[in-house]
Amino acid sequence: MERLRVALWPTAAALGVAAEWIAFDWSDPRHWLPDLITGWALIACGLVAWQRRPDSRAGILMTATGLTWFVPNFAAVEAAWIAWLAAHALFLHRGPLVQLVITYPRGRIDGRLDQAVVACGYAAAVITPIWRSETATIALAGLLVVASGWSFHRTAGRRRRQRLESLRATAFLAAMLAATASLRLVVATTEMQSRTRHAYEATLVVLAAALLYGLLRPRTAAVTDLVVDVGSSRSGTLRDALARELGDPTLELGYWVAATSTYADASGRAVAPPAPGSPRAETRIDLDGRPIALLVHDPAVLDDPGLLEAVAAATRLAAKNAELHAELRNQVSEVTASRLRLLHARDDERRRLEARLREGAERRLTDLGLILESARLRTDNDTRLGEVARQLDRTLSDLRELAAGLHPRELTELGVAGALGALARRSPVPVALVLSLEPLEPDIEAAVYFTCSEALANVAKYASASCVELSVSTSGGRVLVDIRDDGVGGADPSAGTGLNGLADRIGALGGTVLVESPPRGGTHVVAELPALP
């Protein structure tokens, strides 16, 4: 066999040259060059696969496909019987080609279904009325896909993985056969015949290269891909990835539950080892001397020690990733809880300071104002006392504004709706207020109020706006605050601490703040946060 394979290299080269010279006389490279490349590609890929993978007959079948590809070119020879045979062998190559894709990668017929399909392929290749019929070609393409899909469905383990490769190759070939035949049925012109032939030739070259790559691909690469694919989050759930890679759709994956010393799947359902005498097998996977997972599967899927180690490595990797993700989630939860505690502590301190100002300095200033007013009346409206009283009123007003900034009394006494209404009325810029609110938690109410207060203060100071639209609504468990003005725009949230502080407050509650302020386009502030902290 080795001598035959070596001899086929010069023989195939000479055969291709002779075939193109007889058929096209080297007249137009647009015809003979694609034809020659197709045949040589099939033969070269087949001979390489034959040498590198002698355990598989796929290389021999690919070589046979390439050799028979040139047979129809000899229809122009002078010997009548050779010309007749060549003319009736236009699609002779489809016989070994069908056998190649159906039996890939082993190249061996397995079962009666394979025998029947391969027989149909050879019949379609040698019986003239069949290979001349485009309808028969489409039917053959459908038969190939159905048969290959059924074979894939009824196998498991290594055989299923091999059948998947066969299914992909078969589907690729069947799609091209059906497409070219359909085009020739619809557009029966010489130009369409030429285009579909070139497309068919290109398909065969690509198919030959892909099949050769699949045969020569190192097994270690496949095992490495399994580890990377199963261990990555892109594969979906670990169980689905393992079932797909191992070729066992009935595979069960249970994770170790230390509290109950049992295994359970991702949904919490118990996964028990198979009973003695069961047709199922089990594979236990440990990490650092402790159990982490249990696989219940078809016995055939992990009969390869290298594959078993790859699956174990992938499962350990996924388990380690899950532990890291859980640890990260815990850390994030701790940081969020810490931010909430700081927020609560700050608000409590602000409330205490506001109460001290209101009960202490504000009350004393109010009492002092009453004393001044009484003294001014007794001294015939002394102008100096009047000026002192006005200064005192302004000081008292500033103190109340400071206290409101620390913690607005209106929010406690009137609720968020009443407090926002009072805030809008105090604004020097007209505010169109729209509220659609459900009852909120105090933390959320405070965040909504301070967001609106800061935004309206910025409008009054910097925006040169004529009006402000302010809406607060709740929907689907979320609170949406929308503030829009018609001012000069150009606001930079990073330049000040007001909105940054609000963003921190809202972020601690699980919300977000977005500021859009194009020059001369007004400023738009949108805050969204959960209705429950």
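Four strands form an open sheet in the order β2-β1-β4-β3, with antiparallel pairing. Strands here are DSSP runs of E with at least two residues, helices are runs of H or I with at least four, and both are numbered from the N terminus. Two strands pair if DSSP finds at least two bridges between them. The model is predicted: local features need pLDDT of at least 70, side-chain atom pairs count only at pLDDT 80 or more, and totals for chains, interfaces and linings use all residues. Residues are numbered from 1 along each chain as its sequence is written, and side-chain values use heavy atoms, with hydrogens and water left out.

In this sheet, β2 (262-264) and β3 (281-287) stand at the edges. Each has a single partner strand, so one side of each is left without a neighbour in the sheet. The twist averages 30 degrees from one strand to the next. Strand β1 (residues 252-257) runs antiparallel to β2, and 3 bridges join them. Trp-256 has Tyr-263 in β2 as its bridge partner.

A further open sheet has 5 strands in the order β5-β6-β7-β9-β8. Its pairing is mixed. The edges are β5 (431-436) and β8 (512-516); each has a single partner strand, so one side of each is left without a neighbour in the sheet. Here the twist averages 10 degrees from one strand to the next. β8 pairs with strand β9 (residues 524-530) in the antiparallel sense, over 5 bridges. Val-513 stands opposite Ala-527 in β9.

Axes are lines fitted to C-alpha atoms, for helices over the stretch in contact, and angles run from 0 to 180 degrees between N-to-C directions. Helix α16 (residues 442-463) also packs on the sheet, touching β5, β6, β7 (478-485) and β9. The direction of α16 makes about 10 degrees with that of β7.

Helix packing comes next. The axes of helix α2 (residues 29-52) and helix α3 (residues 58-69) come within 7 Å and cross at roughly 160 degrees. That makes α2 roughly antiparallel to α3 (angles over 145 degrees count as roughly antiparallel, under 35 as roughly parallel, 65 to 115 as roughly perpendicular and the rest as oblique). The crossing is left-handed: the near helix is turned anticlockwise from the far one by less than a right angle. Residues of α2 in this contact include Leu-42, Ile-43 and Trp-50, and those of α3 include Ile-60, Leu-67 and Trp-69.

Helix α3 also packs against α10, at an angle of about 160 degrees and with the axes 11 Å apart. That makes α3 roughly antiparallel to α10. This crossing is left-handed too. Ala-58, Met-62 and Trp-69 in α3 meet residues of α10, among them Tyr-200, Leu-204 and Leu-211.

The structure holds 4 aromatic pairs. Rings of Phe, Tyr and Trp (its six-membered ring) pair if their centres lie within 6.5 Å; planes under 30 degrees apart count as stacked, over 60 as edge-to-face and the rest as tilted. Trp-69 and Tyr-200 form a tilted pair, 6.2 Å centre to centre with 40 degrees between the planes. Trp-69 lies in α3 and Tyr-200 in helix α10 (residues 190-216), so the pair ties together parts that are 131 residues apart in sequence.

Conventions:
Contact means heavy atoms within 4.5 Å.
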